[in-house]
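Here's a quick walk through a chain that you can follow with the sequence and the model side by side. Have a look at it first, and then we'll go from the overall build down to a few rings.

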Amino acid sequence: MTAMINQATLKKLAEEVGQETVALLLEVFSGELEQYLQQLVEQPSVMQIREISHAIKSSAASFGADDLAQMAQECESRVKQGQENWVSEHLPELQKLVGDMAEQYRHLASDQEAFNRIF
C-alpha cells in the first residue's frame, strides 16, 4: 500500500500561508526528504536514525504525510526504548516511506494540474 498525502492538511496549510507559498514549501519539503533518504541509505547508526526520525515527524505531519509522520514517531520512540533491533528491522520500511513521499511531493510541486486538483 502506498502512503498518501492528506489533502485536508494541505488545504488547511494553504489557508494559513497561501497556495503559492505551499507550492514553494512542497519543493523544499521534497528536497529535505530526499536528503533524509540519502542519509538513511548510508548505513546510519541507530542514533542517526533517531535524529532523522525526529526531524521528519513534525514536518511530515504538517504536510499531510501522516503515515510517514507515524512511522518516524514510532522509530524515534523505539530508539528511546532501547529497541534497536526493531529499528534496524524496520529501516527498509522507513526508507521506502521517505522515498515514496519525496516522489509524491516532488510530483505535486512540479505538476500544476495535480496541484490544482487539490486546491
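This is a predicted model: local features need pLDDT of at least 70, side-chain atom pairs count only at pLDDT 80 or more; totals for chains, interfaces and linings use all residues.

In what follows, a residue is called buried when its relative accessible area is under 20% and exposed when it is over 50%, with partly exposed in between (1.4 Å probe, protein chains only). Residues are numbered from 1 along each chain as its sequence is written, and side-chain values use heavy atoms, leaving out hydrogens and water.

**The overall build**

The chain has 6 helices and 0 strands, taken as DSSP runs numbered from the N terminus (helices are H or I, at least four residues; strands are E, at least two). Along its principal axes, the C-alpha trace spans about 45 × 25 × 25 Å. Of the 119 residues, 41% count as buried.

**Helix H1**

Which residues of H1 are buried? In this helix, residues 7-17, they are Leu 10, Leu 13 and Ala 14. They cover an arc of only 100° around the axis (going by the directions from the helix axis to the C-beta atoms), which puts them on the same side of H1. The face turned away from that side carries the exposed Ala 8, Lys 12, Glu 15 and Glu 16. As for partners, the buried residues of H1 pack against H2 (19-41), H3 (46-62), H5 (84-110) and H6 (112-118), with contact meaning heavy atoms within 4.5 Å. Just after H1, Gly 18 takes a positive phi of about 95°.

**The ring cluster**

Searching the whole structure turns up 4 aromatic pairs. Rings of Phe, Tyr and Trp (its six-membered ring) pair if their centres lie within 6.5 Å; planes under 30 degrees apart count as stacked, over 60 as edge-to-face and the rest as tilted. Two of the pairs look like this:

| Pair | Centres apart | Angle of planes | Type |
|---|---|---|---|
| Phe 29 and Tyr 105 | 5.0 Å | 80° | edge-to-face |
| Phe 63 and Tyr 105 | 6.4 Å | 75° | edge-to-face |

Phe 29 lies in H2 and Tyr 105 in H5, so their pair ties together parts that are 76 residues apart in sequence. The other pair links Phe 63, in the loop between H3 and H4 (66-80), with Tyr 105 in H5, 42 residues apart. Ring pairs link Phe 29, Phe 63 and Tyr 105 into a cluster. Phe 63 is buried, with a relative accessible area of 10%, and for Tyr 105 the value is 0%.
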